[in-house]
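Please open the model in a viewer and keep the selection tool at hand. The tour below moves through its pockets, one stop at a time.

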Amino acid sequence: MAIPLLDLTLQYHEHKSEFDTAIADIFERSSFIGGAPVKQLEDEIAAYCGTKYCVSCGNGTDALFLIMYAAGIGRGDEVITTPWTFFATVEAIQHVGATPVFVDIEPGTYNIDAEKIEAAITPKTRAILPVHIFGQCADMDAINAIAEKHGLLVFEDACQAIGATYKGKRAGSLAKAAAFSFFPSKNLGCAGDGGCITTDDAELAEAARLFAKHGSPVKYHHTVFGGNSRLDTLQAAILSVKLPYLDEFNGQRHDAAKYYDAAFADAPEIETPVERDFGQMVYHLYVIKSDKCEAIQAALKAAGIGNAVYYPMSLHLQEALTLLPGWQTPSLPVSEGCDNKCLGIPCFPGITKEQQDEVIATVLSVL
Ligand SMILES: *Cc1c(COP(=O)(O)O)cnc(C)c1O
């Protein structure tokens, strides 16, 4: 029986009438940009994350860019980040004109290694941009302490981690500002592209909002140069339907992850994800690490089981980086040692034990 890496049809069918009503409602009004549904979603996300403000935008990549642009990060500045993430994290740094500086990751969690950050700080460093990779918060107390000591800003790339907690607080409320993505496969996904920023900083929120709408506080009056990045009304309405179920969906991901943990506990060739005790991970991806990654992947493919390598290549080794002036490729052995060895396996809300058993048997058959 084929098992997809992610099955989004389950949540659609479970809540079909709510989605259909919300979508029909938007078409009845036929007002597709901005309006009450967008404002409502922003209020709901801010309340959910525990922040004062939420500014919606076109996607998670834009959210990262808007945060840094609004915070005045630009040419000549360095931003410290992780090589183990989706490329958008680094693109946002480059797009504001700043230079990314990579710090190696921790084994097991794949998050930036806070203990290695200080050595990467230079007089040009302005900010640290950790990524809550695979749905687990980076060690934010340690990162914030370093930032405070050196007068740096901290931003969260929380695109994979909506709902994750760190010492009782939610991702999105753990630094100066945070970026979220509503890409369909994310834990809170819409029916296309979408994203938002959360922050407690009124000025940053206002600046991000201004840049996202052509630097125009009043229609056809432009005080600064901005761009166009907005969350469609239709997407906001869809997200408002899904948000009340997010904790339930994340809980199902967590249960499925623990089931895999137990099943792979006696397989020394499989490294399961390490969940730190400072909060709840939301398992955007359940990633196993193995030297036999290629063989496992082939077996899964033959069995019709969805999977994907996260990630094939650390970002500091990507060709695009060589386009940065003066770029020198750093050596980051932990991250490099994960290249092509980490495999995401099906771990979605609604996955059944029978499906998981089949995934487990297929993985173990290779060893
Ligand atoms: C998905 C993702 C992004 C980008 O979000 P988009 O909505 O696709 O632009 C950025 N960072 C991380 C870590 C992501 O997983």
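Throughout this tour, Ala, Val, Leu, Ile, Met, Phe, Trp, Tyr, Cys and Pro count as nonpolar, Asp, Glu, Lys and Arg as charged, and the others, Gly among them, as polar. Please note also that this is a predicted model.

**First stop: the largest pocket**

Select Q160, F183, S185, K186 and H284. Of the 30 residues that line the largest pocket, these lie nearest its centre. The space they look onto belongs to a pocket of about 520 Å³.

Next, select α4 (60-70) and α5 (88-95); each of these helices supplies at least two residues of the lining of the largest pocket. Which of the elements gives the most to this lining? It is α4, with three residues.

Now colour the lining by class. The largest pocket shows 16 nonpolar residues, ten polar ones and four charged ones.

**Second stop: the second largest pocket**

The second largest pocket has a volume of about 360 Å³. To find its centre, select G34, V38, R209, K213 and R230, which are the closest to that point among the 15 lining residues.

Then select α3 (36-49), β1 (53-57) and α7 (202-212). At least two residues of the lining of the second largest pocket come from each of these elements. The largest share, three residues, is supplied by α3.

Methods: Residues numbered from 1 in each chain as written. Predicted model: local features only at pLDDT ≥ 70, side-chain atom pairs only at ≥ 80, totals over all residues. Heavy atoms only, no water. 1 Å grid on protein atoms, 1.4 Å probe; cavity = no way out; pocket = protein on both sides within 12 Å on 5 of 7 lines; lining within 4 Å. Points joined across faces, edges and corners; volume = space filled by probe spheres on them. Helix = DSSP H or I, 4+ residues; strand = E, 2+ residues; numbered from the N terminus.
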